[in-house]
Number of protein chains: 2
Amino acid sequence: MRLYTYWRSSTSYRVRIALNLKGLSAEQVPVHLVRDGGEQKQPAYTALNPQAGVPTLVEDDGRALTQSLAICEYLDEVHPHPPLLPTDAAGRARVRAFALAISCEIHPLTNLRVLKHLTGHLGLSEDAKLEWYRHWTVQGLTALEAMVAGHPDTGDCVHGSTPTLADLCLVPQMYNARRFNVDLEPYPTLVRIDAHCRGLDAFAAAAPEAQPDADT
Amino acid sequence: MRLYTYWRSSTSYRVRIALNLKGLSAEQVPVHLVRDGGEQKQPAYTALNPQAGVPTLVEDDGRALTQSLAICEYLDEVHPHPPLLPTDAAGRARVRAFALAISCEIHPLTNLRVLKHLTGHLGLSEDAKLEWYRHWTVQGLTALEAMVAGHPDTGDCVHGSTPTLADLCLVPQMYNARRFNVDLEPYPTLVRIDAHCRGLDAFAAAAPEAQPDADT
């Protein structure tokens, strides 16, 4: 397998964790999201992924898979152990809802292309951009904390004691929030789960700083 | 089951289609997203769904399920016939990627709370708001058209001849694009699939105008 990735991309980070948890290796192909106007917009790449984003996972037979959550669900179906989802439908719904609350409510509003659009096209100041970032992140993290705090299914991880799709999304989101200096004190359950997961080898090896294209 | 819903919400529309395709009935509880500052923000509702959005599906045992895609996957697991996903992992990945390309790339940037933030908090003009809407919608639909046009798995629907999670997301997105007068001519495959699906009873009965709270 080949994984087209960018070290600091939250969505790439999710898939790197999933691969590590499954004990799978994929050749990493860095796609620099800023250099040369964004390598993800070059025709050779958009032929593979018309959405012009990372990650893309290319299977050995040449099929290109896109959208990080779809890739993680695919990996979970093709390589079921260890599972990334609980076995019961209610638990699966809880985990997916948590993952989607990040993937549909926070990340799309705060990713690089949107922040660039705000300062570039709309002419917002750097401060107004940061306020936008924090507004949606705080709103999203507040909801996430309410979803896990005191919930009987919350454990060391979002759901029980082993990482699921929910944790794969949480850790990159928390990384991102720290990068933009969001105060995380109001989210003690999220902070605890994030710290626990980052202590696991699969998460540590997937961290942005541990990638071959780090700091580029 | 009870479905907390708003007639014009794309994400509610997705779940209504899923319920209809499965032949399931749920009591509809309208949540007006504008009236009284947004009924979804009232404590009685956020106790059920801390994300303060629609839809929420409440199961007969009282469990509240959130996030439209998680709800649809749950319904598909608990009521497997007819299936909302293909049987093969590659097909499932393709359908989920398409659904997520709408749910993570278009809808979060163009929904009501974001448009209100643009004109309210950021003070953008109505024209600038519409330009924002069209910018992300056109970018997203362009990628979606490239994902389906000429693809061997595309049929009457996004994947083959029966509706999947991909179509549940496409039809509400196209409804939304028409509402904001986005020119759909550049997306002939999407237009064809959308028209086909809207001709099916399950989709027609889920349409915004067919809901009890329509035009409120």
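Helix α4 of chain A passes α8 of chain A in a left-handed crossing. A crossing is left-handed if the near helix is turned anticlockwise from the far one by less than a right angle, and right-handed if clockwise. The structure is a predicted model, in which local features need pLDDT of at least 70, side-chain atom pairs count only at pLDDT 80 or more, and totals for chains, interfaces and linings use all residues. Residues are numbered from 1 along each chain as its sequence is written, chains are lettered from A and ligands numbered from 1 in the order in which they are written, and side-chain values use heavy atoms, with hydrogens and water left out.

The axes of α4(A) and α8(A) (residues 165-179) lie 8 Å apart, at an angle of about 25°. Axes are lines fitted to C-alpha atoms, for helices over the stretch in contact, and angles run from 0 to 180 degrees between N-to-C directions. The two helices, α4(A) and α8(A), are therefore roughly parallel. Angles under 35 degrees count as roughly parallel, over 145 as roughly antiparallel, 65 to 115 as roughly perpendicular and the rest as oblique. Helices (H or I, at least four residues) and strands (E, at least two) are DSSP runs, numbered from the N terminus.

The axes of α7(B) (residues 126-148) and α8(B) (residues 165-179) come within 11 Å and cross at roughly 140°. That makes α7(B) oblique to α8(B). The crossing of α7(B) past α8(B) is left-handed.

Over residues 1-83 of chain A, 34% is helix and 17% is strand, and the end C-alpha atoms are 20 Å apart.

Several loops hold backbone features. A cis peptide bond joins A:His81 and A:Pro82, with omega about -10°. A:Pro82 lies in the loop between α3 and α4 of chain A. In chain B, a cis peptide bond joins B:Val54 and B:Pro55, with omega about 0°. B:Pro55 sits in the loop between α2 (43-46) and β3 (56-58) of chain B. A:Asp36, a residue other than glycine, has a positive phi near 55°. A:Asp36 is in the loop between β2 (27-30) and α2 (43-46) of chain A.

One cavity of 30 Å³ or more was counted. The largest cavity holds about 130 Å³ of space. Of its 13 lining residues, the closest to its centre are A:Glu73, A:Leu100, B:Leu69, B:Glu73 and B:Leu100. On a 1 Å grid over the protein atoms alone, a cavity is a set of points where a 1.4 Å probe fits but cannot get out; lining residues have an atom within 4 Å of a point. The lining of the largest cavity divides into nine nonpolar, no polar and four charged residues.

Technical notes. On a 1 Å grid over the protein atoms alone, a cavity is a set of points where a 1.4 Å probe fits but cannot get out, and a pocket is an open set with protein on both sides within 12 Å along at least five of seven lines; lining residues have an atom within 4 Å of a point. Grid points are joined across faces, edges and corners, and a volume is the space filled by probe spheres set on the points. Ala, Val, Leu, Ile, Met, Phe, Trp, Tyr, Cys and Pro count as nonpolar, Asp, Glu, Lys and Arg as charged, and the others, Gly among them, as polar.
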